[in-house]
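Notebook open, structure on the screen. I'm going to look things up one at a time and jot down what I find.

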Amino acid sequence: MADKPLTRLEDALEQILGQVPVPDASETIDLADSLGRVLAEDYRVPADVPPADNSAVDGYALRLADLADGTPIAISNRIPAGAAPSALTPGTAARIFTGSEIPEGADSVVMQENTQLENGSLSVTSAVTLGQNIRRRGQDLAQGALALPAGTRIRPQEMGLLASIGHAHLSVRPRLKVAFFSTGDELVSPGQALGPGQIYNSNRFMLAGLLAEAGCELVTSDTLKDVRESTRDALQRAASGADLMITTGGVSVGEEDHVRAVMEEMGSLSLWRLAIKPGKPLAFGKISGTPVLGLPGNPGSVLATFLMVGMPLIRHLQGRNDPNITGDRVAVNFPVEKTSIRREFLRVRRAKVEERPVLEAHPNQGSGLLSSACWADGLAVVPENTTLEPGDLVTYLSFEELLR
Ligand SMILES: Nc1nc2c(c(=O)[nH]1)N[C@H]1C(S)=C(S)[C@@H](COP(=O)(O)OP(=O)(O)OC[C@H]3O[C@@H](n4cnc5c(N)ncnc54)[C@H](O)[C@@H]3O)O[C@H]1N2
Ligand code: MOO
């Protein structure tokens, strides 16, 4: 398998997503708890929002024609928000407030700053147009329209919108259950003293953060020794309780790289080695039917491969319908002098030079490093077999967009 050409990222994603059916389970939750969840069904609008024409300002509701001769008009009514107004007496105005329903017979609202009151009669001090300051019934959402389709990930604005159409409970996809394993004899948990040859396990914590941002439930987070049998046992045991398993490390070519070897041994390794940098040794397969994404061990590679491969897989498994991530085209302010057959993801930061956006690259792009990942706000995509000169445009993917 090592001799096979490296797989292009698009082909890898197509292969991975093609092997993984979207689960169709759902559960009912309170609207208040729905942030970050994914709608399991379409939500339609049961009744117009807003339910009636209402005022956009504090002022006076009147009939435009009654202003024609310029004489002041009497104020016949007062309509606080929440009241059901009676019809406007012809030739008069009604005191009205932002959000109050427009009384029948009124066709315009004048802001109170553009009026004068004298002896209880109203004069208008600026030009009025028909219908001004009236928010029409159904202008936000018309009855019967699709408010939000199944597959929508709920942000605060979706919570507000679902509340505005009266839903206290929602049908959502169950949170994706993810089992995570970091592998490596050298790994020690922060808080303990480092012995010779040891390093702190950073992937475990970075993955916990990434999975939380992605709205997943972390059902297992274990650290495995570089031992074939225990790696196999741990993955087999976790498979039944997880929708997805993610590992870091152990996917390269060394004899201590057991994750890939276990997948291979069990006949479930369907993808290995991608034409991306960092992240070449990424492996994908299934164990007891559960997808396993084997990310390389280097922490910089973990971040890039989680964002570029893990996130599309997670979105797919969550049944999400969001549009593809396209990024922005931004000029680089650095050269890339050496070509590579692997598409490269550089840790970059968006900056401005003479008011024009440019990308700066961190000088140290080593895949073992996280300092450059913390400095950066996104990834610049250098296509395969490409050199760049300052000023050339590349695709910039912000971490924010990638984790959406
Ligand atoms: N002969 C070859 N050697 C390597 C190749 C290759 O093609 N041929 N590929 C290199 C590339 S690229 C990568 S990436 C790494 C990936 O190797 P593994 O996925 O097997 O990862 P490990 O060897 O287990 O670890 C790599 C590196 O990352 C450190 N690490 C691992 N886990 C953690 C963790 N949880 N927290 C912090 N750091 C971690 C580990 O100590 C190693 O330094 O292989 C290259 N080699
Ligand atoms: O693929 Mo490795 O992640 O380049 O260092």
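**Entry 1: H3 against H6**

I began with the spot where Asn203, Met206 and Leu210 in H3 meet Pro299, Val302, Leu303 and Phe306 in H6. Sorted by class, that contact has 6 nonpolar residues, 1 polar one and no charged ones. A reminder to myself before going on: this is a predicted model.

Next I looked up how the two helices lie. H3 and H6 pack at an angle of about 20°, and their axes are 10 Å apart. Angles under 35 degrees count as roughly parallel, so H3 and H6 are roughly parallel to each other. I also noted the handedness: H3 and H6 cross in a right-handed way.

**Entry 2: H1 against H6**

H6 turned up again, now with helix H1 (residues 9-18) as its partner. Here the angle is about 30° and the axes are 10 Å apart. That makes H1 roughly parallel to H6. The crossing of this pair is right-handed.

Which residues of H1 and H6 meet? On the H1 side I listed Leu9, Ala12, Leu13, Ile16 and Leu17, and on the H6 side Met308, Val309, Pro312, Leu313 and His316. The contact of H1 with H6 splits into 9 nonpolar residues and 1 polar residue, with no charged ones.

**Entry 3: H4 against H5**

Then I went to helix H4 (residues 228-239) and helix H5 (residues 258-265). Their axes are 9 Å apart and the packing angle is about 65°. From 65 to 115 degrees an angle counts as roughly perpendicular, so that is the word I wrote down for H4 and H5. H4 passes H5 in a right-handed crossing.

In this contact, Arg228, Thr231, Arg232 and Leu235 in H4 meet His258, Val259, Ala261 and Val262 in H5. I sorted these as well, and the contact of H4 with H5 has 4 nonpolar, 2 polar and 2 charged residues.

**Entry 4: around ligand 1**

How many residues are around ligand 1? I got 26, and the ones that come nearest are Asn203, Gly249, Ser252, Pro296 and Gly297. Helix H3 (203-213) and helix H6 (299-317) are the elements that give two or more residues to this shell. By class, the shell around ligand 1 divides into 8 nonpolar, 14 polar and 4 charged residues.

**Entry 5: around ligand 2**

I wrote out everything that surrounds ligand 2: Lys277, Pro278, Gly279, Lys280, Pro281, Pro296, Asn298, Ser301 and Ser367. Sorted by class, this shell has 3 nonpolar, 4 polar and 2 charged residues.

The peptide bond from Lys277 to Pro278 is cis, with omega near 0°. Pro278 sits in the loop between strand S19 (276-277) and strand S20 (283-287).

**Entry 6: other backbone notes**

I found a cis peptide bond between Val49 and Pro50 too, with omega about -5°. Where is Pro50 found? I traced Pro50 to the loop between strand S2 (43-44) and strand S3 (54-55).

Asn133 went into the notes as well: its phi is near 65°, a positive value in a residue other than glycine. I placed Asn133 in the loop between strand S9 (121-124) and strand S10 (134-135).

**Entry 7: what the record says**

Last, I checked UniProt. The entry, which is unreviewed, carries the annotation "domain: MoaB/Mog" for residues 179-316. Over residues 179-316 I noted that the chain is 36% helix and 28% strand. The end C-alpha atoms of that stretch are 17 Å apart.

Conventions
Residues numbered from 1 in each chain as written. Chains lettered and ligands numbered in written order. Predicted model: local features only at pLDDT ≥ 70, side-chain atom pairs only at ≥ 80, totals over all residues. Near = placed C-beta within 6 Å. Helix = DSSP H or I, 4+ residues; strand = E, 2+ residues; numbered from the N terminus. Nonpolar A, V, L, I, M, F, W, Y, C, P; charged D, E, K, R; others polar. Axes fitted to C-alpha atoms, helices over the stretch in contact; angles between N-to-C directions. Parallel < 35°, antiparallel > 145°, perpendicular 65-115°, else oblique. Left-handed = near helix turned anticlockwise from the far one by under 90°. Contact = placed C-beta atoms within 7 Å. UniProt positions renumbered as here; feature names shortened; annotations may be inferred.
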